[in-house]
Amino acid sequence: MTIVVNAPARSPQHPARPPRPAVRAPEPMPNWMKLSRKDEVEIYRHGELVASGRVDMLALDASVFWVVQNDGRGRTMFLHSDGFTVLRLPRARPAD
């Protein structure tokens, strides 16, 4: 005797959960106007990491911003005209 068990059909009231998107990569920010307070950033100069941390303040014209650096390294100001490359890190997703 063979018993066949069919999987239950998905109810329209309870659709399958969509797959999670892949982890996003850091986003280059050539236009500092798109930065916001509390953004996590990495700052590079000539391809080398010079600082990482959280944006604390941003000038209205986006010509300068301040970062509270990770690991207790203090607060630092960065000028757009000094040629820094800024990467905004993806925000952490809350746990399910």
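In the hairpin of β4 and β5, D71 takes a positive phi near 60°. This hairpin has 5 residues between the strands. The model is predicted; local features need pLDDT of at least 70, side-chain atom pairs count only at pLDDT 80 or more, and totals for chains, interfaces and linings use all residues. Residues are numbered from 1 along each chain as its sequence is written, and side-chain values use heavy atoms, with hydrogens and water left out. Strands (E, at least two residues) and helices (H or I, at least four residues) are DSSP runs, numbered from the N terminus. Strand β4 covers residues 64-69 and strand β5 residues 75-79. The two run antiparallel and are joined by 5 bridges. V68 has R75 of β5 as its bridge partner.

The protein chain holds 6 strands and 0 helices. From the N terminus, its elements run β-β-β-β-β-β. The 6 strands form an open sheet in the order β1-β6-β2-β3-β4-β5, with antiparallel pairing. β1 and β5 stand at the edges with a single partner strand each, so one side of each has no neighbour in the sheet. Two strands count as paired if DSSP finds at least two bridges between them. In general, strands of a sheet pair through backbone hydrogen bonds, either parallel or antiparallel. Within this sheet, 6 bridges join β2 to β3, which run antiparallel. Here E42 stands opposite S52 in β3.

Totals for the chain were computed next. Buried residues make up 23% of its 96 residues. Buried means under 20% relative accessible area, exposed means over 50%, and partly exposed lies in between (1.4 Å probe, protein chains only). The accessible surface is about 7,800 Å². Carbon and sulfur atoms account for 56% of that surface. Areas come from the Shrake-Rupley method with a 1.4 Å probe; for residues, only the protein chains shown count as cover. A contact requires heavy atoms within 4.5 Å. Among contacts between residues at least 6 apart in sequence, 46% join residues at least 24 apart.

The loop between β1 (27-28) and β2 (40-45) holds W32. W32 counts as buried because its relative accessibility is 1%. Leaving aside neighbours within four places in sequence, W32 is in contact with L58, A62, S63, V64, F65, F78, L79, H80, F84 and V86. The C-alpha atoms of W32 and A59 are separated by 9.6 Å, and these residues are 27 apart along the chain.

D39 lies in the loop between β1 and β2. D39 is also buried, because its relative accessibility is 3%. Its side chain makes a polar contact with the side chain of R88 at 3.4 Å. A polar contact is a pair of N or O atoms within 3.5 Å; within protein, one must be able to donate a hydrogen and the other to accept it, and residues adjacent in sequence count only if both atoms are side-chain atoms. Leaving aside neighbours within four places in sequence, D39 is in contact with K34, G53, R54, V55, R88 and R91.

A search of the whole structure finds 5 salt bridges. A salt bridge places a side-chain nitrogen of Lys or Arg within 4 Å of a carboxyl oxygen of Asp or Glu. One joins the side chains of E27 and R88 (2.9 Å, N to O). E27 lies in strand β1 and R88 in strand β6 (residues 85-88), so the pair ties together parts 61 residues apart in sequence. E27 is partly exposed at 36% relative accessibility, whereas R88 is buried at 19%. E27, D39, R88 and R91 are linked in a network of salt bridges.

D56 also takes part in salt bridges. R37 forms one with D56, the closest N and O atoms being 3.7 Å apart. R37 lies in the loop between β1 and β2 and D56 in strand β3 (residues 48-58), so this pair ties together parts 19 residues apart in sequence. The side chains of R75 and D56 meet in another salt bridge (2.7 Å, N to O). That pair links distant parts of the chain, with R75 in strand β5 and D56 in strand β3, 19 residues apart. D56 counts as buried at 17% relative accessibility, whereas R75 is partly exposed at 45%.
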